[in-house]
Amino acid sequence: MKFAGSAIAILKKDILLELRGKESLSLMLFLSLLLLVIFNFALDTGKENVSSLASGILWVVFTFSGILGMGRTSMAERDEDAYLSILFSPASAESFYIGKVLSNLLFLVIMEIFTLLFFAILYDFEKIISMLPQLLPGLLLGTLGFSLVGTLFSFLTTASRYGEVLLPFLYLPVVVPIILGGVSSMDIILNGKAGGAGKWIQIMAVFDVLYFAVSLLLFRYIIEE
Amino acid sequence: MKKNKTISILFFLLLVMMPLDFYLIFKVAPTERIMGDVQRIFYLHVSLASGAFLAFTCTFISSIIFLWKKNLVWDSAASASAETGLLFATLVLITGSLWARPIWNVWWTWDPRLLTVLILWFIYVGYFLFRGGIADRFKKAQYSAVIGIIGYIDIPVIRYATKWWKSIHPLLTREGGGLNPVMKNVMFFSLATFLVLTVFLFFFRFRLARIEERLQKLKKLTED
């Protein structure tokens with residue numbers, strides 16, 4: 001229980017930090033909004049196209065806003081070596097990782113809800129909200145995958161001289177299966193395509209389990225001095 | 001550092017094998033009936049791909065041993081093999097593209113195999129971008145070992161995902177494996193040649209890394 005306790009303490013700490021500083025979440029939300037506006041110019045998003053473009057646009061927005069947010073929260077830990085004080089506490093590296101995964105997951109989910117709402121409003125596509133229950137498994141597994149990989153890699157990249165700028169270069173190639181799964185499952189469900197979203201949900205689940213196990217094993221090597 | 005025997009032996013082996021391999025590919029192997037001479041790229045392409053795979057596997061294993069033993073030798077091995085692998089993967093993409101233009105009529109197509117190699121390539125480019133940004137020698141080794149492990153583990157998942165992704169779309173026709181016996185033997189020889197080349201480049205690069213390391217140490221000593 002001590003393990004879960006320290007993970008939750010770290011989650012609480014991040015929520016508190018965010019409530020006080022409003023540093024990462026607000027940036028993520030603004031980027032989402034901006035990207036949605038830009039896609040409106042870049043693509044022909046007329047009434048008849050929206051449905052087929054929706055999954056692609058949404059997952060690109062999720063991906064990039066997510067990178068921004070996760071880079072920020074890790075940078076906050078590296079600044080003045082704040083995370084070292086956590087390492088000196090009895091909390092284990094694993095519970096630290098899980099706490100960070102949870103807080104990143106929370107921020108990502110908030111950003112995604114916001115993005116979905118604004119997508120429905122800006123693109124006049126309310127269907128995305130009414131179909132949310134069916135879309136939920138894909139969204140959650142995908143977001144969890146983002147958070148599992150993003151937490152690990154954002155911590156890695158902030159150690160580099162280039163800082164969080166490097167994050168997309170490591171993160172994007174690795175999360176390709178998640179992006180593929182997320183886009184495809186959402187597209188299948190929204191447009192009633194054949195093929196079934198089930199196998200995409202499966203591949204995202206496999207990815208999540210694999211990354212959870214591997215990251216849990218490797219995270220201590222990233223933070224230990 | 002004394003002269004390395006393994007490197008010399010491999011070098012002389014390659015001096016014989018490489019020209020012989022090209023002779024076999026261009027003079028001995030029969031011209032393919034439908035594709036013509038372009039098909040000869042295939043001997044290089046497949047051999048390069050196998051070399052890349054061998055090298056990345058070596059990176060993966062060396063990375064694990066590094067995290068376990070914390071000996072910088074293993075990091076030098078990991079980065080030397082990743083460099084070899086990246087070079088080969090680049091050549092795999094180029095030779096594949098050269099072959100695809102006349103045969104598939106495109107330079108590039110979103111086939112699962114192609115996509116997997118491209119993503120693999122991105123991962124190891126990221127690996128070196130990352131290494132370039134860390135000054136501390138031990139941290140560099142430790143963190144890049146994590147990338148070396150994760151990048152490698154990700155490959156099968158990417159492979160499956162891209163395969164499924166494409167299975168919804170029309171599949172590309174893939175030529176069957178009915179190779180003529182001469183072609184098969186040339187293929188095997190080419191494979192052997194390029195595996196020797198992989199090992200040679202690896203040892204060469206590894207030795208260089210060790211020398212660089214010693215130089216750094218000596219520099220530090222004179223500074224102190």
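## Basis of the model

The model is predicted, so local features need pLDDT of at least 70 and side-chain atom pairs count only at pLDDT 80 or more, while totals for chains, interfaces and linings use all residues. Residues are numbered from 1 along each chain as its sequence is written, and chains are lettered from A, with ligands numbered from 1, in the order in which they are written.

## Overall form of chain B

Chain B contains six helices and zero strands, where helices (H or I, at least four residues) and strands (E, at least two) are DSSP runs numbered from the N terminus. Along the sequence the pattern is α-α-α-α-α-α. The C-alpha atoms of chain B fill a box of roughly 70 × 45 × 25 Å, taken along the principal axes.

Of the 224 residues of chain B, 36% count as buried. A residue is buried if 20 or more other C-beta atoms lie within 10 Å of its own, exposed if 12 or fewer, and partly exposed in between, with C-beta atoms placed from the backbone. Two residues are in contact if their C-beta atoms, placed from the backbone, lie within 7 Å. Among the contacts in chain B with a separation of 6 or more, 80% come from residues 24 or more positions apart.

## Helix α6 of chain B

Helix α6 of chain B covers residues 181-223. Its 43 residues should span 63 Å at 1.5 Å a residue, and the end C-alpha atoms are 63 Å apart, which agrees; the expected span is 1.5 Å times one less than the number of residues. Pro181(B) lies in this helix and counts as exposed because it has 7 C-beta neighbours inside 10 Å. The C-alpha atoms of Pro181(B) and Ala29(B) are separated by 9.6 Å, although the two residues are 152 residues apart along the chain.

The buried residues of α6(B) include Val186(B), Ser190(B), Phe194(B), Leu197(B) and Phe206(B). The buried residues of α6(B) pack against α1 (5-28), α2 (41-69) and α3 (72-104) of chain B. Leu14(B), in helix α1 of chain B, touches Val196(B), Leu197(B) and Phe200(B), not counting residues up to four places away in sequence. Leu14(B) and Val196(B) are 182 residues apart in sequence and 7.2 Å apart in space, C-alpha to C-alpha. With 18 C-beta neighbours inside 10 Å, Leu14(B) counts as partly exposed.

## Contact between chains A and B

The contact takes 25 residues from chain A and 27 residues from chain B. On the side of chain A, the elements that give two or more residues are α8 (167-174), α9 (176-191) and α10 (198-223). The largest share, nine residues, comes from α10(A). The residues on this side divide into 19 nonpolar, four polar and two charged; Ala, Val, Leu, Ile, Met, Phe, Trp, Tyr, Cys and Pro count as nonpolar, Asp, Glu, Lys and Arg as charged, and the others, Gly among them, as polar.

## Packing of α8(A) on α4(B)

The axes of α8(A) and helix α4 (residues 112-132) of chain B come within 9 Å and cross at roughly 155°. Axes are lines fitted to C-alpha atoms, for helices over the stretch in contact, and angles run from 0 to 180 degrees between N-to-C directions. The two helices α8(A) and α4(B) are therefore roughly antiparallel to each other (angles over 145 degrees).

The contact is made by Phe169(A), Leu170(A), Pro173(A) and Val174(A) of α8(A), and by residues of α4(B) including Ile119(B), Phe122(B), Gly126(B) and Phe130(B). By class, this contact of α8(A) with α4(B) has nine nonpolar, one polar and no charged residues.

Definitions and conventions:
Parallel < 35°, antiparallel > 145°, perpendicular 65-115°, else oblique.
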